[in-house]
Amino acid sequence: MGVDRRGFIKFLAGGAIGTLATPVSFILARDIAFWTQNWPWIPRVGKRGEWIEVPALCKLCSNACALNIRTVNNRSVTVSGNEDHLLNQGGVCPIGAAAVRLLHSPARVKSPMRRVGNGFEPISWDEAKKIMAEQLGKAKANVALISGDESGSGTEVLTGFLKQLGSDQAYLMPSELQSVTMAWNGVLGGQGQVGYDLENADHVLMIGADVLGTWGTTVRNKKIFSRNRDKASFVYVGPVQNATAAVSHKWVPSFPAKQGAIALGIAYHLFQEGLAADAQGIQEFKSFVLENYSPKKVENEAGVSAAELGRLARDLVRAKRPLVLVGSEFGQGLGGVDLAAGLSLNVLLGRVNAAGGMTLLPAAEPVVEGAPNAAELASRDLLAYLDRVGKQEVRTPDVLMVYEANPVYALPHAERMSKLMEGIPFIVSFSPFMDETAAMADLILPSSLCLERFEDAYTPYGLGQTLYTAAVPVVSPVFDTKPAPDFILELAGDLGIDLGYGSLEEVIQAKAKALGADWRKLTAGQPWVSKATLDVDTNALWQKPFTGMVRKSQGTNFYVALAPLNLPYVGSEKLATPGDLLTIIRDDELLGSEFFVRINAATASKYGIGKGDRVKLTSPVGEINARIALDEGVMSDVVAAPLWFGRTAWDYNSRNKGENVFDLLAAEQEPVTGMTVFTDTRIKISKV
């Protein structure tokens, strides 16, 4: 007898119900689960333990952020921002969010290493001390230091050690803090560390300062933006519609490296409004502005219309609590004219030490004998020093120590830096990671990561008030690493040098005591905060005339302006791309090993280039290859080139992906101030 459609469906349904009604399927499923979950290669849940939340301080980039780390059985598990801390007010950036996973990064150096031929071999810390003692004995006072930590006591320990050896060759990596300090103290004759009360400003004009990307305490700035956007206005002036421009109330396109011209063009209008401070040299400054920075001239130079300059000036005058922020589009390399011009706007508007204005903050005095104070260290120009190394006036150092920095990768004309490093007899890298500088070193002494050591930060640049924060280790070191300051203090003891302390913990405790901070509160995640400011003597400002400071533009052979673009999820000057962040890099940013630069359609048409085309970018000092992405958020005749690609060391997550934009950056010394400037690089673009 045949089976019709209805009968067939009943058969299937009955079979299914019958199977469910018998224990066979359940027994089989149970047995399969048991077998598969007990195969030897299946990961097991670790030992159970109590969740503990521990305060920490992240310094994986030039900022500092207060974190809360959840741990179980001395193993860090999750990261969150400390909501009660002024540094970042509960926020956390992509790099900070990866801090826990970076403890186990394949790029970490797992023990001390010394160079053997073209490779490295592991050694003990005792062997490392013997090697260091021998090399320092040969070098005597001819030792230099490059540090990438401008707010921590670790740098103080290393600079104090150098001083005891008889050397003053200690330098910080370039940063906005350095440039502003040199402009404020050197050009205008001010004092103290410049800060900004961004929280209480009702109108913020940002000229080049990428407040949400590279300028100051960026995570804190994002919280302020989101909280104050309905009661304050934010205006960004710059060549690219970056993250700051995208969320500001207004974006005013301008050419790169024209911050000074724009600020002086606004000053022209302020002088026309009758604003002027009672200060030494103000009449000379006013005459310089009125003669050289008429609105039409600024329009031609910077690409901002005369009418727009007038509107920017009027908005500042009408606001109750205006604030002007001037900075490099990528957080470093701006000159004295640009920064002094921007600082002058706050002075002319009467916004110094006023609510919502520019503040002058006292620096912390060093507690390590011989260490330079913050202003002195910030005034030393690393690039000017490196330019003189090997020439008659400056001997090549016999020993170079590099702490929390990667100068081979993150300095202008990076290829030249590599060649310079090759000429130094002995290089010591205190890096947690196998970065480009460590790969060239003779001795790698891996510093413990910030979550594995005592750490502190004194008033990172951008804050409007003085702040000191400290943290204890969250977890024990994962590998055979040691905090660099602790190693130096041990080495100093072996060499008979008394720095006054036996560990970095003791140094931080001494600094806290000198400030009057409560150690228990500090290590519980509560910062020490002071609203004290330094009195400003406006009569002593404008000590150096602006005449003669203006740099001459590059030759016409290089016709496109370069705008380095920060992509925070790609990395930082200290850190390559964490593996889990590769997934959020778009295909029009990185495709395989090729990275993309961004131009608008008008620029593409002008130079006969289309979307996806391969091009060569050539500057006076180098060249790189890239592909083209079209973006109407880039000003005409500007190439926006993303930073932090082009790694040659680290690990498989980031190595050999894209190119290093620092290879293109040309550095030059500014007349009168002598400051090294590397924001104004022009390039040629050619299709390949």
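Trainee: Which helix holds both Glu415 and Lys419?
Mentor: Glu415 and Lys419 are four residues apart, which puts about one helical turn between them. This is a predicted model, so local features need pLDDT of at least 70 and side-chain atom pairs pLDDT 80 or more, while totals for chains, interfaces and linings use all residues. Residues count from 1 along each chain as its sequence is written, and side-chain values use heavy atoms, with hydrogens and water left out. The helix here (a DSSP run of H or I, at least four residues; strands are E runs of at least two, and both are numbered from the N terminus) is α18 (residues 414–422).

Trainee: What is the N to O distance in the salt bridge of Glu415 and Lys419?
Mentor: Side chains of opposite charge can pair when their charged atoms come close. A salt bridge needs a side-chain nitrogen of Lys or Arg within 4 Å of a carboxyl oxygen of Asp or Glu. For Glu415 and Lys419, the N to O distance is 3.7 Å.

Trainee: Is Lys419 buried or exposed?
Mentor: Buried is under 20% relative accessible area, exposed is over 50%, and partly exposed is in between (1.4 Å probe, protein chains only). Glu415, at 47%, counts as partly exposed. With a relative accessible area of 54%, Lys419 is exposed.

Trainee: How many residues apart in sequence are Lys606 and Asp637?
Mentor: These two side chains form a salt bridge, 3.1 Å from N to O. Lys606 lies in helix α23 (residues 601–606) and Asp637 in the loop between β24 (623–630) and β25 (638–642), so the parts tied together are separated in sequence by 31 residues.

Trainee: And what relative accessibility does Asp637 have?
Mentor: Lys606 counts as exposed, at 53%. Asp637 counts as partly exposed because its relative accessibility is 21%.

Trainee: How many salt bridges does the count come to?
Mentor: Apply the nitrogen-to-oxygen rule to the model. The number of salt bridges comes to 32.

Trainee: How many residues apart are Lys59 and Glu455?
Mentor: Their side chains meet in a salt bridge at 3.7 Å, N to O. Lys59 is in the loop between β1 (52–58) and β2 (65–72), and Glu455 is in strand β17 (residues 455–458), so to speak distant parts of the chain, with a separation of 396 residues.

Trainee: What is the relative accessible area of Glu455?
Mentor: Lys59 is buried, at 5%. Glu455 is buried as well, and its relative accessible area is 2%.

Trainee: How many aromatic pairs are there?
Mentor: Rings of Phe, Tyr and Trp (its six-membered ring) pair if their centres lie within 6.5 Å; planes under 30 degrees apart are stacked, over 60 edge-to-face, and the rest tilted. By that rule, the count of aromatic pairs is 19.

Trainee: Which helix holds Phe285, the partner of Phe546?
Mentor: Phe285 and Phe546 make a tilted pair, 5.0 Å centre to centre with 55 degrees between the planes. The pair links distant parts of the chain, 261 residues apart: Phe546 is in the loop between β19 (528–530) and β20 (560–565), and Phe285 is in helix α11 (residues 282–292).

Trainee: What is the relative accessible area of Phe546?
Mentor: Phe285 counts as buried, at 4% relative accessibility. Phe546 is buried too, with a relative accessible area of 3%.

Trainee: Which residue in β10 is the bridge partner of Val204?
Mentor: Strands β9 (residues 203–207) and β10 (residues 233–238) run parallel, joined by five bridges. Across from Val204, the bridge partner in β10 is Phe234.

Trainee: How many residues of strand β18 are buried?
Mentor: Thr466, Tyr468 and Ala470 cover one side, with Leu467, Thr469 and Ala471 on the other, all buried. For strand β18 (residues 466–471), the buried count is six of six.

Note on methods:
Two strands pair if DSSP finds at least two bridges between them.
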